[in-house]
Structures are given as structure tokens and as C-alpha cells.
Amino acid sequence: MGPMKNWNILFGLWLIFLVTWPVGGVRPLRQRPRSWGEEWLPLGKDENEVGPFSSWNITGTYRGNWKFLESSNGTSKFPDFRNSNGNSVLELISTPTKITGVHYIQGVIIFHDVFDNERDIRGAQIRLEGVYVWPFRQLRMVANSGKEGDYGQEDDYLLTNPYHLLGVFSSQVFQESPREKIWNRKHSPIYEMEKRCNIEIAAQVSRLPPRKNDGDQEKYYLEGLMESPSVDDDVDCFSPVLLNATSINTDIYYNKAINYTLMVTFISFLEVLMLIRQMEYSNTQSGTAKVSLLMVGHQAIIDTYICLLHLTAGILVESLFNAFATAAFFKFVVFSIFEMRYLLAIWKANRPPNGESWEQMRRELSALYSRFYGVLLGGVLVMYEFHKFLRFILLVLHSFWIPQIVLNVVRDSRKPLHVHFILGMTITRIAIPLYIFGCPHNFMRIEADRNWCICLAIFMGLQALILILQHYFGSRCFIPRQVLPDKYSYYRRFHQGSNNGIDCVICMTPIDLGPRSNDCMVTPCEHFFHNSCLQRWMDIKMECPTCRRALPPA
């Protein structure tokens, strides 16, 4: 029995060694005196966790922080690493292998706030691969040295992950142009670091208790260390970096995107109602001619841009295509049907009634469409070339009330716009940019810019206030009388020699031409009308009812 007992002891020791050996096997190939010690990665499991052989699927998106263990980066190889801490996003996909208890890991880690300059728009991105030993919750990864353009399974996951795709869309549209992206990639210290450094990450995985808002999705917490032994010598590329990240529920961002598209659809519906009310308010030729062609065309261009952006986002994020396509369709209806129709009505009302041929009218109409789509394409090129000044360009785009203000002053127009149209369009126009740049938890994860939002609200509010003042107190109420040009007076004095007993050709009733009468208006062509009759007539046509001569503003 003695030899048999010894064999049992040896077999037990061999079994313990066999179980613990794979964990040690995933340590870095290059061992150094200051390596990843077990003081950072304690083996075993927590008491609250499930048994040691319950597999966890850690595929998902993780968001957390990074910081140097020392006060700053202790190396001179990459002096651009000026910051000592920041935010990070980790995308992982886990695939089971033939080895029991070991999963193959691919992913991408994005470090934000790395460079203390303008190049840190999208952060430093590093592709990773490694193994996850789930019985011991150990995660070991190294930088993927594959060539640029080689796509793996993690790329397929990123191309279908709404969280990542919406971040890519917002960064390219609102933060960084494709040209800057290529330049930053070639001149980034990360590009050099991947060639000169071995990037190694070791982390411990733990499961967090579920919360009410998480639903059925499990949440995990990663904590570990990233080190970077140099390829050329024994000096580290940069100081060790402490990492921690928590898995996020991507369904939350999916629901935020859905709610956003519902908001855009509702805004488009309100804009349609406002446009219909304004067209009914100015349904006469005289009323339509008072509306600025540039103002309506400006708003049509804004809606065209919004339609194209939502359509692009829907194509990029396939799982959200229906939602974004619906928002894009309603914006298409706003600018292609209602605003373009109103644009043509204004153009027609401002044309002189000279009985021109259809050929000449078609040429003028073609010129109108050419100018509209030329400005539309030119705006795209301007935003592409001057992408760094995008927020200033957005402020300029929201100056669409200014042409109407100027036209009111020049023509001294009387109440060209309905007050509800002014207020409604002002509120609906600023709703989308205020959400994108003002909401701290927007689904595109753009950092809130409170100062820009305040400037936009003040700028739009000031334009709307001037239009309302013009509506109630006159188009030139805020301009000093000394600088105003001479204005024709319909209540001017006239000789009463042979003008006694004149009838108003509008209502066919006599006109009181007495010296104390205030119910008589005289046109420049010396025709007399009742005050109320001519006012109603000029709301329809700005021409004399008797001789069809053009009339100046009242």
C-alpha cells in the first residue's frame, strides 16, 4: 500500500500542476524583473460569483479610465504623451477555442485625452488580440501586429455594433474630417509606437451585480495593467498604465437613437404645419411677394443637409436604418414638397407681369434651381475644407431670418410672416443642434459645448425678436428716422378744385374729400380711394386699381 499511496500523492501534485500551468503560460513571452505580478491579478474567484467553471461571454463594449502609475509618463521616447490620465473605450469579442477554459480575444482599445493638442480628436486606437482564461477570470492581450487593412473577427463585430458605428459617424461628421483622419494616423505617435514597442495588457475580469436599468444583460468590470517593453532595448516605451473599464449596455444607446429619430420626425411634422399656416397667411400675390426668397431657400438647404446626414447614418448603422431612414424621409418631404413649393410661389409673385414667353420663364426657373443646388453643393465643399470651423459654419447656417429682416427694412413690408411661424420655426430649428452639442448624454457621445449652445440660442432669439418687433411696431421701428429714405405718404395734401363727388372704384361709394377727412388715400398717380378699401387691395396687389401702376409700400 505504501507505493500505491506515493503514486496517488504524485498524481495529485501532477494534476495541480497541470491545472495551474495554462495560467502561467499566458504570461508575456518576455519575462522581466518587474513583470505582471499576481499582486495585480489575484487568482481564484469571488465568493459571490458562480462556480469556477461557469463561462462568461465578455464580448461587448467597455468604457473606463486609464492613468499612469507614476505622476507622469517617465520616458523620453514619446514626449507627446503629456497627459497622465484620461478616458478609454474597449471593444472585445470572445471566441471559444478547442482548449477547455480558454477563449480567443480580439478587440480594439481607444485611449482618449492622450495627446495634449488638437490631434487627440478620436484618441489613440490600438488593435489587440490575446486569450481569456475564464475559470480564473484572467485576460491577457498584446497589440495586434497585423498589417493595416487586414480585417479580423473584431472588425466584423465593430461594423455591426451601433455604439461603435454611431461614434465613428459623429467623429467623422462633427469632429474630424476624413482628410484629418488619414493625416493623424500617419503622424500619430501611436503609429510609431506600434512598430517600436511591445504592448502587453493583463487584466482581471469580475461580474457586477445587475441593476434595474440593465435588463437581462450582464455587466463586467475589467481592471489591469498595460506595459510596453521596447523592441530595441530594455527601456520601457512609456510608464505602466493602469486600466479599468465597465461593460456598457449598448441597448441604451440603441434606444437613445430611436428616441432621437422620433424627435426629428415630430419636429418635421411641426415644420410642415408651420409652413402650411404661413402659406395660408400669405396666400395672395402681394403677401407672398413680401416673404424673402433667400430666407425660404436657406431653410430648404438646412433641411436638405439634415436629410442627407440621417440617410448616411442609416446606411452606416444597418440595425438603425429604418429609424434614420424615416427621419430622413420626413425631412425630404419638408424641403422637397413644401419649402420648394413655397420657394416657387415667392419667385412667381416677385416676377413682373409682362406676359413673358414660356421659354424665357423656363430659363429663369432653370437658373433658380441651378443656384439652389449650386449653393447646396458649395456648402458641402466649404464644410469639408473648413471642417475645423464647423461650429462657426453652423452658426452661419442658422442666420436664415436675416434676409427677411433686411427685406422688411428695404421694402418697408407690413407683417410678411405670421408670428406663430416665426416662433415655431425658431424653436424647431435649434432643437437638433442643441441636442447634439448640448445634451451631455447624447447617443453620438459628442462632448457638450455649453458656450456654443448659449451663443446659438441668443443668436436665434435675437433674430426672432427683431422680426416680432417689426411685425407689431413697423419694419423700420429700430432704425433712426434721420437715416431712413423719404417715404411716399398716401395722406398727402391735394387740390380739391375738381375732385368733389369722386367715387371709390373699389367699393363704388362716394369719398369724403373734406379738409378734416381721414378716410381718403391718394396714390402717386392721383387716384382716390377709401383708406380701408386701398389697404385691403394692397394686401392682394401692389398696383393701382384704376391704372394698374405699381404702388409704393404704405
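Helices (H or I, at least four residues) and strands (E, at least two) are DSSP runs, numbered from the N terminus. This is a predicted model in which local features need pLDDT of at least 70 and side-chain atom pairs count only at pLDDT 80 or more, while totals for chains, interfaces and linings use all residues. Residues are numbered from 1 along each chain as its sequence is written, and side-chain values use heavy atoms, with hydrogens and water left out.

**View A. Overall content of the protein chain.** The secondary structure comprises 15 helices and 10 strands. Of the 554 residues, 45% are buried (under 20% relative accessible area; exposed means over 50%, partly exposed in between; 1.4 Å probe, protein chains only). The chain exposes about 30300 Å², of which carbon and sulfur atoms supply 61%; accessible areas come from the Shrake-Rupley method with a 1.4 Å probe, and for residues only the protein chains shown count as cover.

View B. Helix 8 spans residues 293-316 and has 24 residues. From first C-alpha to last it reaches 35 Å, close to the 34 Å expected (1.5 Å times one less than the number of residues). Ser-292 caps the N-terminal end, with a side-chain oxygen 3.3 Å from the backbone nitrogen of Leu-294.

**View C. Salt bridges around Asp-303.** A salt bridge is a side-chain nitrogen of Lys or Arg within 4 Å of a carboxyl oxygen of Asp or Glu; by this rule the count comes to nine. Asp-303, in helix 8, counts as buried because its relative accessibility is 0%. Asp-303 forms a salt bridge with Arg-429, the closest N and O atoms being 2.5 Å apart. Asp-303 lies in helix 8 and Arg-429 in helix 13 (residues 419-438), so this pair ties together parts that are 126 residues apart in sequence. Salt bridges that share partners join Glu-271, Asp-303, Lys-331, Glu-339 and Arg-429 into one network.

View D. The closest N and O atoms are 3.0 Å apart in the salt bridge of Lys-331 with Asp-303, and 2.9 Å apart in that of Glu-271 with Lys-331. The latter pair links helix 6 (residues 250-281) to helix 9 (residues 321-349), its members being 60 residues apart.

**View E. A nonpolar surface patch.** Val-382, Phe-386, Phe-389, Phe-392 and Val-396 together present about 510 Å² of accessible area. Patch residues have over 30% relative accessible area and no salt bridge; like charges are joined within 9 Å, nonpolar side chains (Val, Leu, Ile, Met, Phe, Trp, Tyr) within 5 Å. Val-396 belongs to helix 11 (residues 390-397) and, at 43% relative accessibility, counts as partly exposed.

Conventions: Polar contact = N/O pair within 3.5 Å; in protein donor to acceptor, adjacent residues only side chain to side chain.
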